[in-house]
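This report covers the nonpolar cores and the charged side chains of one model. The sequence and structure come first.

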Amino acid sequence: LIDSTVTMDEKDLLRNRMRGCLYGQCVGDAMGLATEFLTFPQALGIYGVEAINIDTFWHDGHRARWVAGDYTDDSDQMLLILNSILDKQHIDYRDFANRLFRWIYKGFDVLADGGGLGLGKTVKTVVTHSYFLKQDPHAASKDVWERSNKQLAANGAIMRTCILGMYDYSDIEKVISQTTEIAKVTHYDPRAIASCVAVTTFIAQVLQENPSEV
């Protein structure tokens, strides 16, 4: 993922930043699960004002589906993109779509977890669309969006995009186009795509900067 023109010292700094981004994604996701769908008064009543321990988070009907300290489909989908990049050595939205389809039904074999845990309604609707694998995931995503009278702008793509801000980070135009390709696999609305691009271009710009100046 690292630009070949940077020095060894710069590479170390970039690696640390990239690790921080990936760990931040997964740890932040696990922490977010502790309060997901709770109102502020509910969260305050359950956890108080102390730091939330993700190993002992509140187990209601929603959270009880995950083991203590686990992250959700947000990070699972990011890992699907990362695995696709590592295997293909480039952004391949069709490959990501295939991996997403398999993950929904089988999960990650190496983790022995359930498939599609935490999956949002929009993603599920698009992935089960007849166009998704037979024709084109973008066509399926577009059809679902158009059937909503072009009002469906859910946020289920933005949470998987951090890795797209790291890959080809030195070329903002590539970051934008690649983010758009991956977002459109499930979310065709321009507002949903724009939110993903906002995150990935910010990450890319942080990686481009001298850490002492950011």
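## Basis

This is a predicted model, in which local features need pLDDT of at least 70 and side-chain atom pairs count only at pLDDT 80 or more, while totals for chains, interfaces and linings use all residues. Residues are numbered from 1 along each chain as its sequence is written, and side-chain values use heavy atoms, with hydrogens and water left out.

## Nonpolar cores

The largest nonpolar core contains 35 residues, and Leu-100, Phe-132, Ile-163 and Met-166 have the most contacts inside it. A nonpolar core here is a set of buried Ala, Val, Leu, Ile, Met, Phe, Trp, Tyr and Cys residues joined through side-chain atoms within 4.5 Å. Helices that each supply at least two residues of this core include H1 (8-33), H3 (73-88), H4 and H10 (190-208); helices are DSSP runs (H or I, at least four residues), numbered from the N terminus. H4 gives the largest share, six residues. Another core, of seven residues, lies apart from it, with Leu-33, Ala-43, Phe-57 and Trp-66 among them.

## Arg-99

Arg-99 is located in helix H4 (residues 93-106). Its relative accessible area is 14%, so Arg-99 is buried (buried means under 20% relative accessible area, exposed over 50%, partly exposed in between, with a 1.4 Å probe and protein chains only).

The Arg-99 side chain makes a polar contact of 2.6 Å with the side chain of Asp-87, and another polar contact of 2.6 Å joins it to the side chain of Asp-95. A polar contact is a pair of N or O atoms within 3.5 Å; within protein, one must be able to donate a hydrogen and the other to accept it, and residues adjacent in sequence count only if both atoms are side-chain atoms.

## Salt bridges

The structure has seven salt bridges, each defined as a side-chain nitrogen of Lys or Arg within 4 Å of a carboxyl oxygen of Asp or Glu. In one of them, the closest N and O atoms of Asp-95 and Arg-99 are 2.6 Å apart. These two residues are four apart in helix H4, and therefore separated by about one helical turn. Through shared partners, salt bridges join Asp-87, Asp-95 and Arg-99 into one network.

Asp-136 and Arg-94 form a salt bridge with closest N and O atoms 3.5 Å apart. Asp-136 lies in the loop between helix H6 (131-134) and H7, and Arg-94 in helix H4, so the pair ties together parts 42 residues apart in sequence. Asp-136 is buried at 17% relative accessibility, whereas Arg-94 is partly exposed at 40%.
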